[in-house]
Amino acid sequence: MKKITFLTSIVCFVLCFTNCKEKTYFKEIVSKKNVGITLAEFPKNKEDLVITIPIEFNLYLNNFSNIWRVDIYYKKNNHLCSEVDDYLIFDSHNDKMFFALDNFKYPNYPEGIYIVERKMKISKEEVLKLIERYNPKTSVENIKSTNDTIPLVSYKKFKEDNPKFIEELRRIPDSITFVIHNKREKKPTHAKARINW
């Protein structure tokens, strides 16, 4: 009898541990995609420049067959950002832009995505320093529209080289939330994480 009770306790513990273990839907990684410089979306003059930094995530949504919809909410400086106006989403593997994860269904979610913010302004002086350091063969004059981007260096390298810039990005915590709608649950799961920059 004691053996049965002991075995039952172990089985219950294992089941509880397995079910209580937090599900991993995504994980931020340090991107090897390029940081770039481009013109602000509605520039007043040629000095309205923005820096584009890829925030990249591995996705594990295809591990969950009951997911039927996923929404993304990106918060920057305590402000909920608007997709397209404030940021764009790209598939990590083919660099194709898409407008929402709800365009995908299990088991065809991308394995990774990256987000590029469109409104991170940067002074012309800072731009010139970055171009001189990372891409001296080009010029700020090459940027004539929002379609023109000067590639600098991978975000991984940029992060190593510019700790003060990264420190400033972290001053006000930014976050991303994946809202996971599951066929078996009435309420969606909010999987939230702080952006590490």
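I took a contact to mean heavy atoms within 4.5 Å. With that in hand, I went through this predicted model.

**Entry 1: the whole chain.** I looked at contacts between residues at least 6 apart in sequence, and found that 68% of them join residues at least 24 apart. I then listed the secondary structure: the protein has four helices and 13 strands. Of its 197 residues, 40% count as buried. The exposed surface comes to about 12,600 Å², with carbon and sulfur atoms supplying 53% of that area.

**Entry 2: an open sheet.** Next I traced a sheet of four strands, which is open and runs in the order β6-β5-β12-β13, with antiparallel pairing. Its edge strands are β6 (79–80) and β13 (189–194), each of which pairs on one side only. I followed β13 to its neighbor β12 (residues 175–182), and the two are joined in the antiparallel sense by six bridges.

**Entry 3: a surface patch.** Which residues form a nonpolar patch on the surface? I found Val 84, Met 97 and Phe 99, with about 250 Å² of accessible area together. I stayed with Phe 99 and placed it in the loop between β8 (97–98) and β9 (112–117). Is Phe 99 buried, exposed or partly exposed? Its relative accessible area is 49%, so I logged Phe 99 as partly exposed; the exposed class asks for over 50%.

Methods
Residues are numbered from 1 along each chain as its sequence is written. This is a predicted model: local features need pLDDT of at least 70, side-chain atom pairs count only at pLDDT 80 or more; totals for chains, interfaces and linings use all residues. Side-chain values use heavy atoms; hydrogens and water are left out. Buried means under 20% relative accessible area, exposed over 50%, partly exposed in between (1.4 Å probe, protein chains only). Accessible areas come from the Shrake-Rupley method with a 1.4 Å probe; for residues, only the protein chains shown count as cover. Patches are made of residues with over 30% relative accessible area and no salt bridge: like charges are joined within 9 Å, nonpolar side chains (Val, Leu, Ile, Met, Phe, Trp, Tyr) within 5 Å. A salt bridge is a side-chain nitrogen of Lys or Arg within 4 Å of a carboxyl oxygen of Asp or Glu. Two strands pair if DSSP finds at least two bridges between them.
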